[in-house]
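Try each task before you read its solution.

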Amino acid sequence: MAADPLGWWRRQSLRFRLTSTASAVLALALAASAWSLVGVLGRSLTATIDETAYLRANQVRVDADAGRLPPELSSPDGTMIQVIDARGRITHATVGTDRLVPLLGPAARAAAVRSDGARFLDGRPYGIPGPLRVLAVSADGGRTVIAARSFAEVETSLVTAGHVLVAGTPILIVLLAGASWMIIGRTLRPIAELRRGATEISDTARSRRLPVPEAHDEVHSLATTLNDMLARLEAADARQRALVSDAAHELRSPLASIRLQLEVALGHPEGQIWRETAEGVLEDTLRLSRLAEDLLALARLDERGGSPARREPVDLEDLVRQSVERYGEAPVPVTRDTGGDDACLTVTGDALDLGRVLTNLIDNAVRHASGEVRVGLRGGGTTAVISVTDDGPGIPEADRERVFDRFTRLDSARSRDEGGAGLGLAIVRETVRAHGGAVHLEDAGPGLRAVVRLPLAAGPVPDRLLDRFPD
Ligand SMILES: Nc1ncnc2c1ncn2[C@@H]1O[C@H](COP(=O)(O)OP(=O)(O)OP(=O)(O)O)[C@@H](O)[C@H]1O
Ligand SMILES: [Mg+2]
């Protein structure tokens with residue numbers, strides 16, 4: 001198997017990777033600065049030596065030109081001087097300097113005078129350990145002044161500085177790597193706490209939250225965001241559980257009633273009450289199947305997550321007419337309100353689902369109305385407004401939002417016989433929302449008005465509607 005160095009690197013902990021990257025960058029930076037420090041130090045020390053040698057040589061040359069040269073030259077700063085005449089003989093020299101052999105031969109002397117700079121010279125042939133910096137200036141009468149200074153001290157300083165840096169840099173790197181390791185570990189600790197908190201959240205401890213660090217940093221906002229998410233999940237979970245228990249509860253009473261009726265019928269084998277029993281059982285079965293259908297409708301709405309099952313043009317005018325026609329036999333008259341304009345009102349969505357919205361609202365209105373139910377439809381700009389109004393007892397303002405919750409019934413005693421499970425308005429609200437609209441209940445004084453707003457379809461009007469508006 002081929003080794004994958006990047007793969008290895010990626011498998012290491014974040015702490016290790018951060019520390020080693022920081023240390024590597026630091027090591028490179030320190031090495032580069034040590035290198036340039038030694039270079040700058042060497043150059044500036046050499047320049048100082050050359051400067052001193054040049055000043056001494058120049059002074060001797062001035063003295064030589066003025067004829068003031070003593071036979072024995074003094075050397076207060078250790079600079080070696082040789083004065084060489086036109087024939088190449090040493091006429092003057094500092095104490096301790098070779099008086100027979102010039103430090104630079106004729107050719108080298110001429111080159112040194114021309115180049116106007118100092119050069120290195122091995123001092124050993126002249127009995128001086130280590131290298132020398134040598135320069136030459138010309139004086140009157142073809143004479144040359146040679147000045148030389150030992151380079152040994154500079155060399156020692158540079159070597160010492162090098163040793164200090166070579167030994168100090170790794171120590172510094174190790175110290176800084178240790179500090180980074182600790183600081184990064186401390187920084188990552190809240191993340192480890194988060195992880196531990198997350199592992200402790202089990203199915204049974206649902207309301208657990210992740211530990212939020214005190215510092216208001218990125219980990220803090222991560223923890224609060226995750227906690228918000230946990231709260232939302234917990235609420236969704238609670239809703240789901242409540243739904244299951246409500247549904248089970250709702251199923252129990254028709255089932256118990258069916259069982260009771262069958263038991264009573266079986267207790268009277270003469271068969272007189274079988275017809276009554278069958279009617280009762282049928283009624284309960286219809287109730288059960290309506291409940292199952294409503295639950296299925298809600299489950300589908302949940303599944304689709306807020307979008308309609310289909311996206312087709314739905315003509316609201318047709319939909320309202322058909323819905324109203326179905327209530328011809330209702331205990332109270334259901335009429336179409338003729339107040340609205342006759343504009344072409346088309347929305348995009350699912351005709352069946354929107355039909356169910358109207359049915360649920362008209363069912364409620366018919367159940368509570370004392371005289372009549374009116375269904376209105378009008379268009380307002382980009383919205384269509386459907387209203388279902390009855391003249392019944394209405395709903396107190398405090399309950400007008402609550403009734404949209406699943407399994408919420410207000411007049412519980414009555415509705416258990418006549419009404420359904422309390423899912424009708426929940427289905428209405430979720431369907432309308434999936435179609436991008438909104439629904440609310442308002443006082444119709446007397447009675448209640450349910451108002452549904454739906455966004456009108458943008459784009460071309462369907463062909464079958466164009467017939468109505470020839471222009
Ligand atoms: N037009 C109305 N007038 C007075 N009260 C109403 C009206 N419509 C609904 N309500 C109240 O709101 C409650 C919830 O209505 P919803 O349609 O959700 O359930 P339901 O009619 O009881 O049962 P389902 O619709 O599932 O058969 C009803 O039980 C009733 O108390
Ligand atoms: Mg209802």
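**Exercise 1. Overall build**

How many helices and how many strands are there in the protein chain? Then describe the dimensions of the chain.

Solution. Keep in mind that you are looking at a predicted model. Start by counting: the protein chain holds 11 helices and 13 strands. Next, take the box along the principal axes, where the C-alpha atoms fill roughly 155 × 65 × 50 Å. Finally, turn to the radius of gyration, which is 52 Å for the protein chain, while a compact globule of 471 residues would have one near 23 Å.

**Exercise 2. The pair H5 and H6**

Find helix H5 (residues 218–267) and helix H6 (residues 274–304). Work out how their directions relate and which residues make the contact.

Solution. Two packed helices are described by the angle between their axes and the distance between the axes. For H5 and H6, the axes come within 9 Å and cross at roughly 165 degrees. Angles over 145 degrees count as roughly antiparallel, and H5 and H6 are therefore roughly antiparallel to each other. The crossing in which H5 passes H6 is left-handed. On the H5 side, the contact residues include Ala247, Leu251, Pro254 and Ile258; on the H6 side, they include Trp274, Val281, Asp284 and Leu288. Sorted by class, the contact of H5 with H6 has 11 nonpolar, four polar and three charged residues.

**Exercise 3. H6 meets H10**

Now follow H6 to H10 and describe how this pair packs.

Solution. Begin with the geometry: the axes of H6 and H10 are 10 Å apart, at an angle of about 30 degrees. Since angles under 35 degrees count as roughly parallel, H6 and H10 are therefore roughly parallel to each other. H6 passes H10 in a left-handed crossing. From H6 come Asp294, Ala297, Leu298, Leu301 and Arg304, and they meet Ala426, Ile427, Glu430, Thr431 and Ala434 of H10. This contact of H6 with H10 divides into six nonpolar residues, one polar and three charged.

**Exercise 4. Two backbone details**

Where do you find the cis peptide bond, and what is the phi of aspartate 116?

Solution. Most residues other than glycine have a negative phi, and most peptide bonds are trans. The bond from glycine 445 to proline 446 is cis, with omega near 0 degrees. Proline 446 sits in the loop between strand E12 (438–443) and strand E13 (448–455). Aspartate 116 is not a glycine, yet its phi is positive, about 60 degrees. You will find aspartate 116 in the loop between helix H3 (106–115) and strand E4 (119–122).

Note on methods. Residues are numbered from 1 along each chain as its sequence is written. Chains are lettered from A and ligands numbered from 1 in the order in which they are written. This is a predicted model: local features need pLDDT of at least 70, side-chain atom pairs count only at pLDDT 80 or more; totals for chains, interfaces and linings use all residues. Axes are lines fitted to C-alpha atoms, for helices over the stretch in contact, and angles run from 0 to 180 degrees between N-to-C directions. Helices (H or I, at least four residues) and strands (E, at least two) are DSSP runs, numbered from the N terminus. Angles under 35 degrees count as roughly parallel, over 145 as roughly antiparallel, 65 to 115 as roughly perpendicular and the rest as oblique. A crossing is left-handed if the near helix is turned anticlockwise from the far one by less than a right angle, and right-handed if clockwise. Two residues are in contact if their C-beta atoms, placed from the backbone, lie within 7 Å. Ala, Val, Leu, Ile, Met, Phe, Trp, Tyr, Cys and Pro count as nonpolar, Asp, Glu, Lys and Arg as charged, and the others, Gly among them, as polar. The radius of gyration is taken over C-alpha atoms; the globule rule is 2.2 Å times the number of residues to the power 0.38.
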